[in-house]
Amino acid sequence: MTGTRPGPGEPLLDAHLVVERDRFRLDAHLPIAAGEVVALLGPNGAGKTTALRALAGLLPLTAGHVRLGAVTLDDPSHRVWVPAERRHVGVVFQDYLLFPHLSALDNVAFGPRSYGMNRLESRERAVGWLRRVGLADHARVKPRHLSGGQAQRVALARALAVDPPLLLLDEPLAALDAGTRMDTRAELHRHLAEHPGATLLVTHDPLDALVLADRLVIIEDGQIVQEGDAATITAQPRTDYVARLVGLNLYRGQAHDHTVRVGPDFTLAVADAAEGDVFVAFPPTAVALHAREPDGSPRNTWPATIASIQRHGDNLRVQLTGAVTAAADITPAAASHLRLATGQQVWAAVKAVETRTYPVHHGEPEPEPR
Amino acid sequence: MSTVDDRGAGARRPAPAAAPRPRRGTSRVPVGLLVPAAVGLAALVLPLLGLVVRAPWSTLPSRLAAPGVLTALRLSLETATLATLLSVVLGVPLAWLLARVEFPGRRVVRALVTVPLVLPPVVGGVALLLVFGRKGLLGAWLDSAFGITLPFTTPGVVVAEAFVAMPFLIIAVEGALRGADTRFEEAAATLGAGRWTTFRRVTIPLVAPGIAAGAVLCWARALGEFGATITFAGNYPGITQTMPLAVYQTLEGGDLDGAIVLSLLLLVVSVTILASLRDRWITSP
Amino acid sequence: MRAGWTRGGTAALAVAVTLAVTGCGSNSTSGTGGGDPQSSASSAGVTGSLTVFAAASLTESFTQIGKDFEAANPRSKVTFSFGGSSTLATQINQGAKVDVFASAAPANMKTVTDAGNGDGTPTTFVKNQLVIAVPKGNPKGINGLSDLVKPGVKVALCAATVPCGAAANTALTAANVKLTPVTLEQDVKSALSKVKLGEVDAALVYRTDAKADPSDVDGVGFPESAKAVNEYPMVVLKNAKNKTAAQAFVAYVLSDKGKAVLTQAGFQAP
């Protein structure tokens, strides 16, 4: 039931997705290799769902192409369009969309039956998949009697039952509560690792991406802004969104030797020497707050106003406004010692050694259109 | 997640340990709703009670055994059921078209579909004659090409009943389809189901309660149809004389008691059948 | 933009004018004026409205008689309800507000008088005979009752409870013809309309009905019709609201003027 294998070095999924709708334009290259799990991350409205629907065949491309293995699924310039039902792409929807009138078994057997298997064989296959997700004894249960986690597993089994070369997951854990999410994430990781085809996972939760994906692709406003493995992205975020995602303060400025000019009134002393257009990042834990302008070693100090204070794990996260916006993590003890309150004026300080500087254009070639 | 349907005749009594019923005067049902509801119920039920009270109970058994009575009843039930089947076969696809496909003139088509509802049934019968009669637009061709005539035949009764009753089914099913979640159909497509398979295995089962409810309405309307039947199909015992026609003829012949007996029979049979339909078959899950 | 009251006032004025023009329309006299010396009891003095239930076969003739009566009695108004005699009899017995009842057969009249709703003895005023109504030109060549059972011939009859149906059955029995009609209509006009629509090849109706529609149907006489002649009785009803007018109407029907209209239509003298 799988497509023809692409040649060595060529990705299984070769997609250049261009979709124009109203005032929104998606333009993204998404190559995915067999066995690779790619997470598509981005804020709401970035185009993640559009990309997923285009790959699934639920939305036609305006331009570009989708090739899965040796088969072209969508190519407007050559008038090629394969509708969803002939694409052999598995989809796990955000609300699972299990057919309410069919049992779990019949749901999972639906795909094989649609592909022409007879009832007996498709049911056997379904039983096998339900066993793999640990729900063999729930075969006769109707979806409305399944818990969220169980429904998610049935949805996954249903999508995988036809051995699709491409698997798409739309926010697969979003509907679950925190506890269930952790367990389900671990299990999902196992199944995705076993899946021989390409996988695209759409999510807004960075933890999902970090645990489940081999590679992250960050998309904002229809454009890919950063991609790479988790480590690279965490270390060197390139947009505000990514920075917030990985929990860093990020600034862009002009570097000269060990200083970076971030704004007209704001210059940072940094640990790494650099020249030109750079990003500077430091974690909230590197920001110290003082009631008065501190003297001594820290050379990056500036006056700031407290915009909000929230709990953040065991610490407090303080959002600061001023010459630049920044987030600072403070221990509750330090906070009470400083008597921190919203609207209060404080001095923020960051040690140069805690900053990381990296060029905006990092010399690697941009992914070329194929 | 409760699946107990606690509406209608299938209501289960609360456990004995439940809170006591509220006393009169402290009822939580607003009087403003209760009074009109009671009046409405009375308006519908009292005429039926009148039939029961005025029935000639002493001669009932012999009247029921009279020839033609059971024939008319059987004919009524058969034709109403066939008319409903015809309406489902033709009406569900039409409802699907109206609900799911955007085509030019859709609003006009929808309005046309409801015309039999506002047309006086006798006029409907005349219209059917003009089309399917021996000299009708299509009837003449059907007669000469296939030897098929509809007037004065039992199939003609089915056609007349379907004409007046199909709109009920179409409206009910269109409503159900509009309210259905189309994302399930997308999910089916991603699982490899073609359009017909999706329609058959996903769309229809999801609106099956709506179809059932529409079919019930359709059947009831077909059973009671008179004007179109007598005008188009004529009136002959055993072939086209359904219960409503038999009642009319008996009444006009001056036999009021006989007419009451026939009416009671029709009433009892249809109420029995309708009441035995379980709620959960005609309401969505 | 007109002020509200002016628009409302205009509407009210329009309604009032309409009512004045249409109300009591029969008051406007025309042509043949008042008391005809030959109409005995009816004089220009009969006033009020009057409801007459009459058999369907009397439709054309009674409508004409009604107009003549109103012309002779300008301040009167006659309203008719035509239908199957059995239907009308049932309605009268169930309390319909009627002044005069003209039935196509004594049997139906008997139901009314037996229920005590008649005022006085019914008078037979005409007789009617059956003919076979066929589409104009007699395409199937029907010439007698026995032709009705030829294969492929569809026949409409009145139901047995209706006078023309009873008469038809009598005639068929007399002719020893066993006929299975395709439909049993509730009044003679319905049976006739089936012929006019071309749905049936023949129907047994009254001579008056065939005569009333010469452009669409032909009437074929047959000898057995003499064996099943319908006598038409007429009676004033006990609960008549306008007994004077009712009796005047009955008298008018029986008068020479009334008779002329009825004979013209094809009825026979009683």
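A: In this predicted model, helix 2 (residues 104-114) of chain A packs against helix 4 (residues 148-160) of chain A at an angle of about 25 degrees, and their axes are 7 Å apart. Helices are DSSP runs of H or I of at least four residues, strands are runs of E of at least two, and both are numbered from the N terminus. Axes are lines fitted to C-alpha atoms, for helices over the stretch in contact, and angles run from 0 to 180 degrees between N-to-C directions. Helix 2 of chain A is therefore roughly parallel to helix 4 of chain A (under 35 degrees; over 145 is roughly antiparallel, 65 to 115 roughly perpendicular, and the rest oblique).

From helix 2 of chain A, the contact uses A104(A), N107(A), V108(A), F110(A) and G111(A), and from helix 4 of chain A, V154(A), A157(A) and R158(A). Two residues are in contact if their C-beta atoms, placed from the backbone, lie within 7 Å. The residues of this helix contact divide into five nonpolar, two polar and one charged. Ala, Val, Leu, Ile, Met, Phe, Trp, Tyr, Cys and Pro count as nonpolar, Asp, Glu, Lys and Arg as charged, and the others, Gly among them, as polar.

Between chain A and chain B, 18 residues of chain A meet 16 residues of chain B. On the chain A side, strand 7 (89-92) and helix 2 of chain A each supply at least two residues, and helix 2 has the largest share, three residues. That side holds 12 nonpolar, four polar and two charged residues.

Within chain C, the domain assignment, automatic or from a database, gives domain 1 (9-126 + 232-265) and domain 2 (130-227). Here 15 residues of domain 1 of chain C are in contact with 14 residues of domain 2 of chain C. Helix 3 of chain C gives the most to the domain 1 side, with three residues.

Residues are numbered from 1 along each chain as its sequence is written, and chains are lettered from A and ligands numbered from 1 in the order in which they are written. Local features need pLDDT of at least 70 and side-chain atom pairs count only at pLDDT 80 or more, while totals for chains, interfaces and linings use all residues.
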